Amino acid sequence: MIVNILRCVIIYFIVLIVIRVMGKRQIAQMQPFDVVITLIIADLATIPVADQSIPLLNGIVPLFVLTILHFLFTFVSCKNLGVRHFLNGKPVILVSPQGILEENIKKLNMTVADVMEACRYAGFISLEDINYMIMETNGNISVLPNSDASQITRSDMKIDMEDDKMPVVLISHGKLSRENLKITAVDENLLIDFLSDYNATIKEVVILHYASDGTIYLQIKGESKIVTNKILTQDGKMPKQEQIKME
Amino acid sequence: MKGKIIAICIFLLILAGLVAFEVVITYDTVNKVKATNYKVIELAYADAESDMELYDRLDKIGDYWAERENLLCLIFNHKDMLEVGKEIEQAKSYLKLNNKDEAIVHLELLAEDILSMEHILYFNLPNLL
């Protein structure tokens with residue numbers, strides 16, 4: 001039993017490393033070859049865990065080979081359009097301004113009901129509102145509404161507004177991010193003083209994020225959120241935003 | 001990207017190391033056990049050595065196999081390794097009892113086991129497919 005537990009732990013970490021090396025696309029929007037590799041990985045990882053007579057390396061070696069293959073395919077498909085089309089396929093137009101493209105939906109084994117479902121899923125009741133509907137290579141459906149159904153934007157209204165500022169997390173779960181403190185040029189003592197105004201210490205903070213316009217969002221354990229505006233930099237300037245480290 | 005390339009290079013190095021290890025260990029072990037086994041069979045048929053001398057030869061190859069079996073188990077299925085050790089021990093037991101005929105039977109079986117192991121362990125087209 002101990003051997004099984006240890007094998008399981010080893011395989012877990014190996015698969016974790018392999019997935020990390022393969023990248024985030026492996027756990028999000030998968031192309032056909034990503035799907036193939038993910039399915040094989042899942043199967044390979046369980047074999048040496050389930051059967052002790054099979055060496056652990058018999059599971060690990062194919063995982064490494066698949067990672068290398070995946071890297072090569074990704075690399076080549078980035079460089080060569082032909083290879084990319086071969087490996088990933090091409091996006092297919094399902095609906096055009098002329099209406100549903102029957103031939104294309106047949107090729108994809110889809111029905112008109114599926115197209116209607118995708119239409120509703122995208123937030124449109126009628127096909128009339130849609131200019132284009134495209135099946136992407138990763139299986140997602142993109143919808144381009146026609147001008148009558150599309151939402152009005154600020155630029156349509158010619159309203160000039162500043163872009164929203166990305167808040168930087170300075171404290172989360174009672175842990176101060178010194179890196180973000182440095183990036184934003186926020187002074188630690190000023191931050192502690194600010195917290196003492198609310199009778200709190202860093203450890204008691206659930207979250208504190210700071211936008212470059214000086215807006216502070218603070219939540220202390222067991223209390224409601226506080227949104228305020230204060231400059232916490234020593235020179236009195238607004239905090240910087242470059243190279244934010246996401247928490 | 002740099003980190004990914006480093007990781008891929010490490011994977012490639014590990015794979016190359018494992019392939020080299022497999023080739024050296026497998027061919028070396030199987031060839032040595034096979035050669036010694038044939039030699040013992042030859043001597044047993046020719047009645048050229050006493051049972052105890054044959055026993056000593058088998059004992060040495062048994063120790064060698066036990067040592068190498070641990071390494072082979074890292075890369076091959078444990079079940080494929082079992083028979084060889086078993087046959088060596090059985091042949092030794094019969095030689096200890098001065099029953100050369102039974103010992104020869106097990107040595108012949110050992111030769112067969114080694115041949116079938118070669119089929120399983122070596123790199124060849126049937127194994128590949």
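Over all chains of the predicted model, a search of the whole structure finds six salt bridges, a salt bridge being a side-chain nitrogen of Lys or Arg within 4 Å of a carboxyl oxygen of Asp or Glu. In this predicted model, local features need pLDDT of at least 70 and side-chain atom pairs count only at pLDDT 80 or more, whereas totals for chains, interfaces and linings use all residues; side-chain values use heavy atoms, with hydrogens and water left out. Residues are numbered from 1 along each chain as its sequence is written, and chains are lettered from A, with ligands numbered from 1, in the order in which they are written.

One of these salt bridges joins the side chains of Lys92(B) and Asp59(B), at 2.8 Å from N to O. This pair links distant parts of the chain, with Lys92(B) in helix 3 (residues 82–96) of chain B and Asp59(B) in helix 2 (residues 51–72) of chain B, 33 residues apart; helices (H or I, at least four residues) and strands (E, at least two) are DSSP runs, numbered from the N terminus. Lys92(B) is buried, with a relative accessible area of 7%, while Asp59(B) is partly exposed at 25%, where buried means under 20% relative accessible area, exposed over 50%, and partly exposed in between (1.4 Å probe, protein chains only). The side chain of Lys92(B) also meets that of Glu89(B) in a salt bridge of 3.3 Å, N to O, and these two residues both lie in helix 3 of chain B, three residues apart, about one turn of the helix. Glu89(B) is partly exposed, with 40% relative accessibility, and Asp59(B), Glu89(B) and Lys92(B) are linked in a network of salt bridges. Within helix 3 of chain B, Lys86(B) and Glu83(B) likewise lie three residues apart, and they form a salt bridge whose closest N and O atoms are 3.5 Å apart.

The secondary structure of chain B comes to five helices and zero strands. Of the 129 residues in chain B, 40% are buried, and the accessible surface comes to about 7,500 Å², of which 62% belongs to carbon and sulfur atoms; accessible areas come from the Shrake-Rupley method with a 1.4 Å probe, and for residues only the protein chains shown count as cover.

Chain A contains an open sheet of four strands in the order 2-1-3-4, with antiparallel pairing, two strands being paired if DSSP finds at least two bridges between them. The edge strands are strand 2 (99–100) and strand 4 (141–145) of chain A, each pairing on one side only. Strand 1 (residues 92–96) of chain A is joined to strand 3 (residues 130–135) of chain A by three bridges, and Val92(A) has Met135(A) as its bridge partner in strand 3. Strand 3 and strand 4 of chain A pair in the antiparallel sense over five bridges, with Ile130(A) standing opposite Pro145(A). These two strands form a hairpin with five residues between them, and Gly139(A) in the turn has a positive phi of about 95 degrees.

Elsewhere in chain A, Val206(A) is found in strand 7 (residues 205–210) and is partly exposed at 29% relative accessibility. Val206(A) and Gly174(A) are 32 residues apart in sequence but 6.0 Å apart in space, C-alpha to C-alpha.
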